[in-house]
Amino acid sequence: MLKFTPEHEWLKIEGDVATVGITTHAAGQLGDLVFVELPEEGATFKKDAGAATVESVKAASDVYCPLDGEVVEINQAIVDDPSLVNSDPEGAAWFFKLKLANPADADALLDEAAYKELIA
Amino acid sequence: MDDQSRLKRTPLYDFHLSLGARMVPFAGYDMPVQYPAGVLREHLHTRAAAGLFDVSHMGQVELVAASGNYEDAAKALETLCPVDILGLKDRRQRYGFFTDENGGILDDLMISRLDERLLVVVNAGCKDADIAHLRAKLPAGVQVLVHDDRALLALQGPKAEAVLATLNSDVASMKFMDVRELSLGDIPALVSRTGYSGEDGFEISVPADRATDLAKTLLDQPDCQPIGLGARDSLRLEAGLCLYGNDIGTTTSPVEASIEWGIQKVRRTGGAREGGFPGAQRILGELESGVSRRRVGLKPEGKAPVRPPARLFADAQGKTEIGHVSSGGFGPSAEGPIAMGYVPTEMAEPGTQVFAEVRSKFLALTVTALPFITPTYKR
């Protein structure tokens, strides 16, 4: 199941684990990324808490935790090469995997059609 | 009226849109922050070839004495700037700054002499105040003419000379800080060999209605690409150059800002025209006895950019605050984060370690000599 937030995160939900990244639209708006800071594995976040930071040449931006949960895996590849977020934001450049506290909460997020309408 | 519609536009506004620029508000103008290539590529292109910047938002002001003599205009401007303006040779330019009574900096500027005239380029955000300052403080015999009818382009990079020479080969004989009136094709231009990127290059003042023609002609050459304000900022940061409002302002003196090299001997204590500018007592005193803080280069030891106004500390626990970051970000040519900031003079020695507070962490930085790149000015 693919879901989106109005803050431009995407979630690919498999069982009670969501793989989280930022959308192609967000990556385009941010411009060339030069730094990514990811949370620690095992960290827990509430929905909408700042969980990661991305920095372009010009500015720093927060990436929010889209739902309540625990970070169970992070993607070191984007820390080593932040430009991956620009080249493949909705594929190889996922940020972290989140074990959802309440998987049913995902129903309240945007589906792909609603997200596309939001950024249109 | 919303903020967007209140923004001013340069003569190149439509041209920027046609190139696919992303526009942002800057100093009251709607300006291109980047083009489709993006900040990183634009920055690296400027260091490798030639980048074209629209800097028409900056103020172009001409000073002419009623007597018609350069000396009268120069002496008048020297009452507002701690700079040797009288000694400026014809068709030469020099960096300077307006100071206030407290020794702070009202703006930094480029000053050119052209025959008996003085031409001054000031920052966009300060230009209304600068013009009012000039009109209020200069004697009635010095006319202040504001050239709103002109555009200003900057062409920067190792291939800038080759690109511009296709329009007039005379530019090849110009040296750093030379100024000349030249025809570029059929466009009458005032060209100075200067810029704010750390690269060799030119600033080109042309009539507003010819700016797009010139920009198109220059961009027709494969080595020349349009560059936005994003890369302009990262280029000047790598070059260790001050951004007014960040690195310098009314709360910083020229000596604290490490730009006292802009104050020539003739205006210093013991010089032929010692003092006589606003804040002279403080600034001359600081030149003699030193200052308690200085602007320095800072190299973050990790990969995280450290941006203004991050607080600086002497220790990794954030106990002793010592200063702040005034400019900072990522340097594409420096291949990592870079910054400038103010530290106590006793900690201004290259190699000194300091710590910046970023997202509640204390990141280590090393005080570093400026600039971060080797400038390629044609001396």
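**Note on the contacts and salt bridges of chain B**

1. Across the interface of chain B and chain A the rule finds five salt bridges, a salt bridge being a side-chain nitrogen of Lys or Arg within 4 Å of a carboxyl oxygen of Asp or Glu. In one of them the side chains of A:Glu55 and B:Arg307 meet, with 2.7 Å from N to O. Side chains of opposite charge can pair when their charged atoms come close.

2. A word on the basis of these values: this is a predicted model, in which local features need pLDDT of at least 70 and side-chain atom pairs count only at pLDDT 80 or more, whereas totals for chains, interfaces and linings use all residues. Residues are numbered from 1 along each chain as its sequence is written, chains are lettered from A and ligands numbered from 1 in the order in which they are written, and side-chain values use heavy atoms, with hydrogens and water left out.

3. To the contact between the two chains, chain B gives 16 residues and chain A gives 15 residues, where contact means heavy atoms within 4.5 Å. The area buried between chain B and chain A is about 1400 Å², and carbon and sulfur atoms give 48% of that area; buried area is the accessible area (1.4 Å probe) that two parts lose on being put together, summed over both. Of the area that chain B buries against chain A, B:Lys303, B:Arg307 and B:Arg359 supply 41%, more than any other three residues.

4. The rule also finds 13 residue pairs in polar contact across the interface of chain B and chain A, with both residues at pLDDT 80 or more. A polar contact is a pair of N or O atoms within 3.5 Å; within protein, one must be able to donate a hydrogen and the other to accept it, and residues adjacent in sequence count only if both atoms are side-chain atoms. The elements that give two or more residues to the side of chain B that touches chain A are H3, H8 and strand E16 (321-331) of chain B, and the residues of this side divide into five nonpolar, four polar and seven charged. Here Ala, Val, Leu, Ile, Met, Phe, Trp, Tyr, Cys and Pro count as nonpolar, Asp, Glu, Lys and Arg as charged, and the others, Gly among them, as polar. Helices (H or I, at least four residues) and strands (E, at least two) are DSSP runs, numbered from the N terminus.

5. Within chain B, the domain assignment gives domain 1 (3-56 + 149-238) and domain 2 (292-373 + 375-379), such bounds coming from an automatic or database domain assignment. The contact between them takes 14 residues from domain 1 of chain B and 19 residues from domain 2 of chain B. About 1500 Å² is buried between domain 1 of chain B and domain 2 of chain B, with 62% of this area from carbon and sulfur atoms. B:Phe176, B:Leu237 and B:Glu238 supply 47% of the area that domain 1 of chain B buries against domain 2 of chain B, more than any other three residues.

6. Across the interface of these two domains of chain B the rule finds one salt bridge, and the side chains of B:Lys378 and B:Asp200 meet in a salt bridge of 4.0 Å from N to O.

7. B:Asp247 lies in the loop between H8 and helix H9 (280-289) of chain B, and B:Asp247 counts as buried because its relative accessibility is 0%; buried means under 20% relative accessible area, exposed over 50%, and partly exposed in between (1.4 Å probe, protein chains only). A polar contact of 2.7 Å joins the side chains of B:Asp247 and B:Ser326.

8. B:Glu78 forms a salt bridge with B:Arg273, the closest N and O atoms being 2.8 Å apart. B:Glu78 lies in helix H4 (residues 70-78) of chain B and B:Arg273 in the loop between H8 and H9 of chain B, so the pair ties together parts that are 195 residues apart in sequence. B:Glu78 is buried, with a relative accessible area of 5%, whereas B:Arg273 counts as partly exposed at 23% relative accessibility.

9. Another salt bridge pairs B:Arg91 with B:Asp115, whose closest N and O atoms are 2.8 Å apart. B:Arg91 lies in the loop between H4 and E5 of chain B and B:Asp115 in the loop between strand E6 (105-114) and strand E7 (117-122) of chain B, so this pair ties together parts that are 24 residues apart in sequence. Salt bridges that share partners join B:Glu62, B:Asp90, B:Arg91, B:Asp115, B:Arg117 and B:Glu181 into one network.
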